[in-house]
Amino acid sequence: MIEKVVLMCGAGHSGSTLLGLVLGSHSQAFYGGEMKKTNFLHNPKYPPRKRFCKFCGPDCPVWSDFRPGPGAWTHAELARKVGLPVVVDSSKDLDWINEHLGHAEKAGARAYLIYLQRDGRAVFNSRVRKGGKAPERLALDWKEKILQSNQLFEAYQGPKLRLRYEHFALQPHLTVERLCQFIGIPFEPAMLEFASFDHHPLGGNAGTQYLVARAQESPARFSLSKERKEYYDKNGSQIRLDLRWREELSPELLALFQSLAGAENQELAWDEDLPAQP
Ligand SMILES: [Zn+2]
């Protein structure tokens with residue numbers, strides 16, 4: 001039976017897939033990925049990457065026959081299916097989060113809200129790299145998402161925590177220990193070895209997931225660009241701070257982001273240098 005649900009808010013490309021995989025490596029927790037994508041399950045109108053488990057594809061033991069009955073709460077059904085009391089969801093969609101905070105309350109489950117925050121310039125760079133939208137639009141989308149996430153986080157009266165991606169990446173052990181304390185589950189050091197566990201997420205960052213697939217010797221499912229694959233191959237599944245934006249973002253794009261969203265990024269800007277290698 002479900003006891004706890006962990007929901008994440010914030011902008012995409014802020015490390016939520018990594019955080020989900022780490023939390024989902026706890027013996028009491030299951031990471032469902034971006035569970036808003038349960039809306040796409042069994043609907044052939046949507047592309048496979050939106051409606052199948054990112055690791056198993058159509059033959060997933062968790063999602064392939066997952067069909068909550070009418071009126072059932074998705075997260076409670078999932079907890080029952082996998083036999084674990086804690087469900088982790090990295091959807092970040094604000095309407096979805098609000099809806100499921102409400103469901104949790106009705107079901108008597110405790111809902112924990114984590115606001116994952118990352119330097120907007122890094123998020124912007126990831127989105128630009130992914131392409132598909134004009135940089136102006138991406139900067140404005142980021143700003144809008146941050147303003148809305150701030151509102152949601154401030155309004156929520158239950159257990160909540162702000163977590164900086166940069167702290168998580170630089171001090172994973174300490175951060176995850178603190179997170180476990182927050183959620184009220186005993187810290188398990190093996191969680192940091194997230195790539196050695198089985199996961200069944202819907203949606204999420206293919207680069208981070210590639211690390212898991214590679215550790216489990218099934219990397220074929222993820223088609224990353226050559227540069228991206230090289231980056232992940234070089235760094236392995238050790239959690240580390242990703243500051244690629246400092247090399248990749250052109251001065252023009254940086255100036256554009258600063259002019260459109262610099263004020264909102266002021267608190268989030270991470271300008272510290274990396275600690276010296278031990
Ligand atoms: Zn699966």
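Leaving aside neighbours within four places in sequence, W63 is in contact (heavy atoms within 4.5 Å) with G32, M35, T38, L41, H42, C53, L78, H200, P201 and L202. This is a predicted model, in which local features need pLDDT of at least 70 and side-chain atom pairs count only at pLDDT 80 or more, while totals for chains, interfaces and linings use all residues. Residues are numbered from 1 along each chain as its sequence is written, and side-chain values use heavy atoms, without hydrogens and water.

**Zinc site**

- C53 (SG), C56 (SG), C60 (SG) and H200 (ND1) coordinate the zinc ion at 2.0 to 2.4 Å; donors are N, O and S atoms within 2.8 Å of the metal (3.2 Å for Na, K and Ca).
- The arrangement is tetrahedral because the four donor atoms subtend angles of 97 to 122°, and four donors count as tetrahedral if all angles lie between 85 and 135 degrees.
- The spacing of the donor residues in sequence is C-x2-C-x3-C-x139-H.
- C53 counts as buried because its relative accessibility is 3%, where buried means under 20% relative accessible area with a 1.4 Å probe, protein chains only.

**Nonpolar core**

- W63, L19, L23 and I114 touch the most other members of the largest nonpolar core, which has 85 residues.
- Such a core is a set of buried Ala, Val, Leu, Ile, Met, Phe, Trp, Tyr and Cys residues joined through side-chain atoms within 4.5 Å.

**Helix α12**

- A kink of about 60° in α12 is centred on S259; the bend at a residue is the angle between axes fitted to the seven residues ending there and the seven starting there.
- Within α12, F257, A261, G262 and N265 are buried, and their cover includes α5 (120–130) and α6 (135–155).

Notes
Four donors count as tetrahedral if all angles lie between 85 and 135 degrees; four count as square planar and six as octahedral if opposite donors are over 155 degrees apart and all others between 65 and 115; anything else is irregular. Buried means under 20% relative accessible area, exposed over 50%, partly exposed in between (1.4 Å probe, protein chains only). Helices (H or I, at least four residues) and strands (E, at least two) are DSSP runs, numbered from the N terminus.
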